[in-house]
Amino acid sequence: MPTFFIEQFGCRATQADGAALERQLLDRGCTFAPAPVAADIVVINTCTVTASADSQARDAIRKLHAANPAVCLIVTGCYAQRAPEELAALPGVSWVVGNSHKPQIPQLIDALSAVASAPSAESANDFFPADALHSGSTAPFHSFVGAQHAVPHPGKILTGDIFEQRALLSAPVLGGEGNHTRPTLKIQDGCDSRCSYCVIPFVRGKSRSLPPGTVIHEIQRLAESGYREIVLSGINLGTYGRDLSPRVEFEDLLRRILDETSVERLRISSIEPLDVTQDLVELFASNDRIAQHFHMPLQSASDSILAAMHRWYRAEHYARRVELIHERLPHAAIGADVITGFPGESEADHAATLAFIERLPFTYVHVFSFSKRPGTKAALLSNEVPGATIKRRARELRTLGEAKSAAFRQSQIGRTLRVLTLHHGDSDQQSQKDITPALSSNYLKVRVYGFHPANNCLDVLISAETGTTLVGEPILSCSSNGARPAPIGASPC
């Protein structure tokens, strides 16, 4: 069986797709290569949310091909779904597989492996029945897969109608941040909204959810394996369960997870503001096993720009959610995404967004410059904002966001925070003390003095700030009956 490597780009949902592919390929007997140059097959899992993401993917493909011209490059993901011909034309690309057919990549690799081991075979089609890969595509599989078919590009293309795709690739993402201590589980994919700037619904399809029983099983398995914090992710997480029969509410899923699994800390990724209900905030406030962290895309605080973006709320609707969270959870992390430079955005619109962020208790802000995406309604708008103006506005928003983050960090000095250690400690040269990086429930990076193993829960007294990181000493936590101190890390996150 071949060796493989998966090159990841984009959001947590894309990374979860890659994790699911990795699991399937390992189950089939393939071997994970330590680096792309050591692999027989490299799967490039792309993003297309911005023009910059497209450029990064193309650059990576060129570099991978230059480093190993013999490698088989399979390009998949959102960019592959949106513009397959563009990618198929790049040197070294063997296959372009859209999100519509991403679940079938393991079968494609089986077929390619069979072709490689049988020199008399003319193509993967000799081993790959056409009806096995139809999967709701608007065109039969054999129209894409035969090596002799007339495809006007070097790479062969396998894609179809994304809105017919019902499969949801999902496996916990165990790599990346935190040295494998905080797995991410994608429980929802796709989006039924039509924000005018966003290409994601067109490359990921309709909203679809992982059945609640499967979610519970995966989380319990991770918890039993020793993971203390699990992150739930999705493209539009708050719509979880609306496609299921019977319908399942996201809040009810959270309650089931808390009741039926032993996970010590559950964190949710981005959630739309209108899905942040009073009941959801009360659930967060009543259970310390849910991380005190809300990330709600704002995009703009100008009502006219929100209307042009086809966002289904106005600034004051969003503000009420932030105020509710802050009232019930005064130390919660509240983060937002903001797009600057949307076509038609005036200086007054920009000033409204700055003033809105300034007056509300945001703890961090992610700023994005508007990127025209082919096929979206916003791409057709003519009143574009000059590039220099976008850069200046983005700089002003980031400066404000950094000030909000600094103020939030300062407010935590003197408090005791519950943190999860991310990896083994190293040495702080200035203090000549061992330190261990950690993450708090309210999404703050903490440098904990002492050498502590990864994936350990600690109570830490915050004493100072260094750069964008808090510093603290671990303290002993009391047992539930108050009889004696418990060992550090013994109580749940």
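This note sets out numbered points on the predicted model shown above.

1. Basis of the note. The model is predicted, and local features are reported at pLDDT of at least 70, side-chain atom pairs at pLDDT 80 or more, while totals for chains, interfaces and linings use all residues. Residues are numbered from 1 along each chain as its sequence is written, and side-chain values use heavy atoms, with hydrogens and water left out.

2. Overall composition. The protein chain contains 14 helices and 21 strands, taken as DSSP runs numbered from the N terminus (helices H or I, at least four residues; strands E, at least two). Of its 493 residues, 54% are buried, where buried means under 20% relative accessible area, exposed over 50%, and partly exposed in between (1.4 Å probe, protein chains only). The accessible surface is about 20,500 Å², with 52% belonging to carbon and sulfur atoms; areas come from the Shrake-Rupley method with a 1.4 Å probe, and for residues only the protein chains shown count as cover. Among contacts with a separation of 6 or more, 70% are between residues 24 or more positions apart, a contact being heavy atoms within 4.5 Å.

3. Helix 8. This helix covers residues 212-224, and its 13 residues span 18 Å from first to last C-alpha, close to the 18 Å expected; the expected span is 1.5 Å times one less than the number of residues. Its buried residues are Pro212, Val215, Ile216, Glu218, Ile219, Gln220, Leu222 and Ala223. In general, an α-helix has 3.6 residues a turn, so residues three or four places apart point the same way. The cover over the buried residues of helix 8 includes helix 1 (12-27), strand 7 (184-189), strand 9 (229-234), helix 9 (250-260) and strand 10 (265-268). Just after helix 8, glycine 226 has a positive phi of about 110 degrees.

4. Serine 269. This residue sits in the loop between strand 10 and helix 10 (278-286). Serine 269 is buried at a relative accessible area of 9%. Beyond its neighbours within four places in sequence, serine 269 contacts Arg12, Val231, Leu232, Ser233, Gly234, Leu237 and His295.

5. Threonine 181. The loop between strand 6 (156-158) and strand 7 holds threonine 181, which is buried with a relative accessible area of 2%. Its C-alpha is separated by 7.6 Å from that of arginine 228, 47 residues apart along the chain. Neighbours within four places aside, threonine 181 is in contact with Tyr227, Glu229, Leu420, Thr421, Leu422, Ala454 and Asn455.

6. Strands 14, 16 and 17. Six of the eight residues of strand 16 (433-440) are buried. Strand 16 pairs with strand 14 (416-421) in the antiparallel sense over three bridges, and five bridges join strand 16 to strand 17 (445-449), also antiparallel; pairing requires at least two DSSP bridges between the strands. Leucine 439 of strand 16 is the bridge partner of leucine 420, and lysine 445 in strand 17 is the bridge partner of leucine 439. Four residues lie between the strands in the hairpin of strand 16 and strand 17, where tyrosine 443 takes a positive phi near 65 degrees.

7. Aromatic pairs. Rings of Phe, Tyr and Trp (its six-membered ring) pair if their centres lie within 6.5 Å, with planes under 30 degrees apart counted as stacked, over 60 as edge-to-face and the rest as tilted. By this rule there are nine aromatic pairs. Tyrosine 318 and phenylalanine 362 form a tilted pair, 6.1 Å centre to centre with 35 degrees between the planes. Tyrosine 318 lies in helix 12 (315-328) and phenylalanine 362 in the loop between helix 13 (347-359) and strand 13 (364-369), so the pair ties together parts 44 residues apart in sequence. Phenylalanine 356 and phenylalanine 362 form a tilted pair at 6.3 Å and 50 degrees. Relative accessible area is 0% for tyrosine 318, 3% for phenylalanine 362 and 4% for phenylalanine 356. Ring pairs link Tyr313, Tyr318, Phe356 and Phe362 into a cluster.

8. Valine 367. Valine 367 belongs to strand 13 and is buried at 9% relative accessibility. The C-alpha atoms of valine 367 and leucine 397, 30 residues apart along the chain, are separated by 6.9 Å. Not counting residues up to four places away in sequence, valine 367 touches Val338, Thr340, Ala394, Leu397 and Arg398.
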